[in-house]
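Q: Could you walk me through a few spots in this structure? I'd like to start with a strand and then move on to helices and loops.
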Amino acid sequence: MSNYAEIREKFEKSGQGHVFKYWGGLTDSQKSRLLSQLEEVDLEEIAHLNETLLFANKTESQVDFSRLEPAPYVKYSENKEADPVWQKAKSVGEEAIRAGKLAAFVVAGGQGTRLGYDAPKGTLPISPVKHKPFFQIFAEKIRCAQEKYGVEIPFMVMTSIINHTQICDFFKSNAYFGLNPEKVVFFKQGFIPSVDKFGKIILSDKGEIALAPNGHGGCLRAMVRSGAIAKLKELGVEYISYFQVDNPLVNIIDPYFLGFHILGNSEMSSKMIPKAYPLEKVGHFCIYNGKLCVIEYSDLPASYQEMRDENGGLKFVAGSVAIHILNVDFVEAKGADDSDCKLPFHVAFKKVPFLDQGGNVVKPEKPNGYKYEMFVFDALESAKNPLVLEGLRCDEFSAVKNKEGIDSPATCKRDQRRQFAEWLEAAGVSLERDSEKTPVYDIEISPLFASNKADFVEKWNALEKKPEIRDGLYIE
């Protein structure tokens, strides 16, 4: 522990020396762990965030909502095969995929705690018949694209200090689900200390500070710092398909989306899904001060979320569902430590376990601490020619956020079954559905057979012997 004196002096000078309050009673392993945590803390950044966010006495919102307008977007085409604009985008996108210019990237730093699942969220069984975990579904979608386009597609997985080892071991024990291990890149999300109302770093235990993920926007910084971006550049990758771990319907390798991104000469593009109802808990694509941005549902007044346009539809209808394409060069520039255009931090008041005066761990029932985080969609404001493309909910989005009810494993499995049923019906198969249009059978189509409706119909029709439609049907 030769670095103890140096680290302690830095924290004392920064007014954060209290983190050593229980040092004398710690074991050697506890001391080593605490020092390793403190080594990663950027004290200058914490001081700056405290000054600009915590002590700035800002009003609740800095947005003049009267100047907010809905963002324009490329409307979904019901007949893409006959639409020359969409066909041009597909051609350009497929050419880039075949040339090895696209990588897949999943943000997977969280645990399944809110779901009652004590493991990395990406390992949660989620498919309706085979109970495949998220990670397997994503890997099989990538393998499907690799076979279709004759190219290996790198897969980046952002973990965290909480689950990094578990995720790496999970992939290894499952033989990387058939992917080339050399093209699966793991790296850790950054963490940042939580602070109290005085800007003091919170101790979550006598030998541990309260660390929180620095938000999904931290992925840009993490990709650069970890060397992941450098590796992608070595491989000739120019574009990154970004998505989050809790959405198994995501179309990871989408030639249309990539083609529109390239044709628009965009540095960052986003998928939007029309909101299911006015107060759905998604971000809203908007134009503010002439720039594309995302306003979170928690920041946008309900009156705006419910506002109607001249045709009676929702005015702010474009929902952000965390599906993006980013240029590698753009990520490299935004994520660099010396960048002049870093993503901004936001502050949130949360429940953070802490030590009371007696040194006992307390799990608060009400928010007591402040967490700093970055949002990846903030990069849209500084991206050149940012583009928004409309997608269909049934094809693109069914998130797992809650243990029960809306956005739960049950609704996600239902949505997967509905998607598979739609594919089968498009191929001429008759299926029985209930009053909510959910097939009465448990059915599952592996991405190894097809990962979109058009490819499924083609492959299904080519089968000499088609399987019987029954409960528990699995097609691979």
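Q: Which residue stands opposite Val157 in S3?
A: In this predicted model, the residue that stands opposite Val157 of S3 is Val106.

Q: And how many bridges join S2 to S3, and which way do they run?
A: Strand S2, residues 102–107, is joined to S3 by 4 bridges, and the two strands run parallel.

Q: Is S3 largely enclosed or open, and why?
A: Strand S3 covers residues 155–159, and because 5 of its 5 residues are buried, the strand is largely enclosed by the rest of the structure.

Q: Which residues sit on which face of S3?
A: Phe155, Val157 and Thr159 lie on one side, while Met156 and Met158 lie on the other, and since all of them are buried, both faces of S3 are covered. In a regular strand the side chains alternate between the two faces of the sheet.

Q: Switching to helices, how do H4 and H9 cross?
A: The axes of H4, residues 84–98, and H9, residues 255–263, come within 6 Å and cross at roughly 95 degrees. The two helices are therefore roughly perpendicular to each other.

Q: Which residues make that contact between H4 and H9?
A: On the H4 side the contact includes Val85, Trp86, Ala89, Val92 and Ile97, and on the H9 side it includes Pro255, Tyr256, Phe260 and Leu263. By residue class, the contact of H4 with H9 divides into 12 nonpolar, 3 polar and 3 charged residues.

Q: What about H1 and H2, at what angle do they cross?
A: Helix H1, residues 4–13, and helix H2, residues 28–39, have axes that come within 11 Å and cross at roughly 55 degrees. That angle makes H1 oblique to H2, and the crossing in which H1 passes H2 is left-handed.

Q: Which residues meet there?
A: Tyr4, Ile7 and Phe11 of H1 meet Leu35, Leu38 and Glu39 of H2. The residues of this contact of H1 with H2 comprise 5 nonpolar, no polar and 1 charged.

Q: Now the loops: where is Val250, and is it buried or exposed?
A: Val250 lies in the loop between strand S9, residues 239–244, and helix H9, and with a relative accessible area of 2% Val250 is buried.

Q: What is Val250 in contact with?
A: Leaving aside its neighbours within four places in sequence, Val250 is in contact with Phe138, Lys141, Phe243, Ile323 and Glu396.

Q: Which residues of H7 are buried, then?
A: The buried residues of H7 are Gly218, Cys219, Leu220, Arg221, Ala222 and Met223.

Note on methods:
Residues are numbered from 1 along each chain as its sequence is written. This is a predicted model: local features need pLDDT of at least 70, side-chain atom pairs count only at pLDDT 80 or more; totals for chains, interfaces and linings use all residues. Side-chain values use heavy atoms; hydrogens and water are left out. Axes are lines fitted to C-alpha atoms, for helices over the stretch in contact, and angles run from 0 to 180 degrees between N-to-C directions. Angles under 35 degrees count as roughly parallel, over 145 as roughly antiparallel, 65 to 115 as roughly perpendicular and the rest as oblique. A crossing is left-handed if the near helix is turned anticlockwise from the far one by less than a right angle, and right-handed if clockwise. Contact means heavy atoms within 4.5 Å. Ala, Val, Leu, Ile, Met, Phe, Trp, Tyr, Cys and Pro count as nonpolar, Asp, Glu, Lys and Arg as charged, and the others, Gly among them, as polar. Buried means under 20% relative accessible area, exposed over 50%, partly exposed in between (1.4 Å probe, protein chains only). Two strands pair if DSSP finds at least two bridges between them.
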